[in-house]
Amino acid sequence: MHELGIMTGVIEAAEKAARDSGATRLLKVNLSIGEMTEAIEDALVFAWEALTEDDPYAKGAELAINMIRPKSRCLECGAVFEHDRFHMFCPECDGFATELLCGRELQIDSIEVDLPDDEEGDSHED
């Protein structure tokens with residue numbers, strides 16, 4: 001299950017950014033991941049929950065995942081189209097020579113943290 005490895009890296013990066021900003025706690029991570037990474041959303045959530053369960057800095061932190069559909073350009077006719085992981089033939093000319101434009105992303109879009117000088121308990125976004 002490569003989702004565990006992905007989420008380990010996400011948590012490490014988010015916690016480092018949060019600590020570097022002086023935060024006392026990680027509250028939320030917004031993540032974008034392309035479907036072509038073959039990561040399964042439910043497995044990502046499961047890994048997140050397992051990894052944050054005993055982590056006092058991230059326990060209870062929310063994970064929001066934006067799954068990005070693959071989009072390609074046909075190298076024969078130039079058409080741009082969305083597709084799934086398995087059907088990448090051009091819908092215009094039925095060409096098979098395509099260039100993947102998006103769908104392999106893996107990025108942390110933003111994190112929300114608790115800051116020590118925040119007297120009202122509101123979260124801040126980095």
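Which residue in β4 is the bridge partner of lysine 71? In this predicted model, the partner is glutamate 82. The briefing covers the sheet around that bridge, then a helix pair.

**Sheet**
- Three strands form an open sheet in the order β4-β3-β5.
- The pairing in this sheet is antiparallel.
- Strands β4 (80–82) and β5 (98–102) are the edges, and each pairs on one side only.
- From one strand to the next, the twist averages 35 degrees.
- In general, the strands of a sheet pair through backbone hydrogen bonds, in either a parallel or an antiparallel way.

**The β3–β4 pairing**
- Strand β3 spans residues 71–74.
- Three bridges link β3 with β4 in the antiparallel sense.
- Lysine 71 has glutamate 82 of β4 as its bridge partner.

**Helix geometry**
- Helix α1 covers residues 2–20, and helix α2 covers residues 41–52.
- Their axes come within 9 Å and cross at roughly 55 degrees.
- Because of that angle, α1 counts as oblique to α2.
- The crossing of α1 past α2 is right-handed.

**Helix contact**
- On the α1 side, the contact residues are Glu3, Leu4, Ile6, Met7, Thr8, Val10 and Ile11.
- On the α2 side, they are Ala43, Leu44, Ala47, Trp48, Leu51 and Thr52.
- By class, the residues of this contact comprise ten nonpolar, two polar and one charged.

Definitions and conventions
Residues are numbered from 1 along each chain as its sequence is written. This is a predicted model: local features need pLDDT of at least 70, side-chain atom pairs count only at pLDDT 80 or more; totals for chains, interfaces and linings use all residues. Side-chain values use heavy atoms; hydrogens and water are left out. Two strands pair if DSSP finds at least two bridges between them. Helices (H or I, at least four residues) and strands (E, at least two) are DSSP runs, numbered from the N terminus. Axes are lines fitted to C-alpha atoms, for helices over the stretch in contact, and angles run from 0 to 180 degrees between N-to-C directions. Angles under 35 degrees count as roughly parallel, over 145 as roughly antiparallel, 65 to 115 as roughly perpendicular and the rest as oblique. A crossing is left-handed if the near helix is turned anticlockwise from the far one by less than a right angle, and right-handed if clockwise. Contact means heavy atoms within 4.5 Å. Ala, Val, Leu, Ile, Met, Phe, Trp, Tyr, Cys and Pro count as nonpolar, Asp, Glu, Lys and Arg as charged, and the others, Gly among them, as polar.
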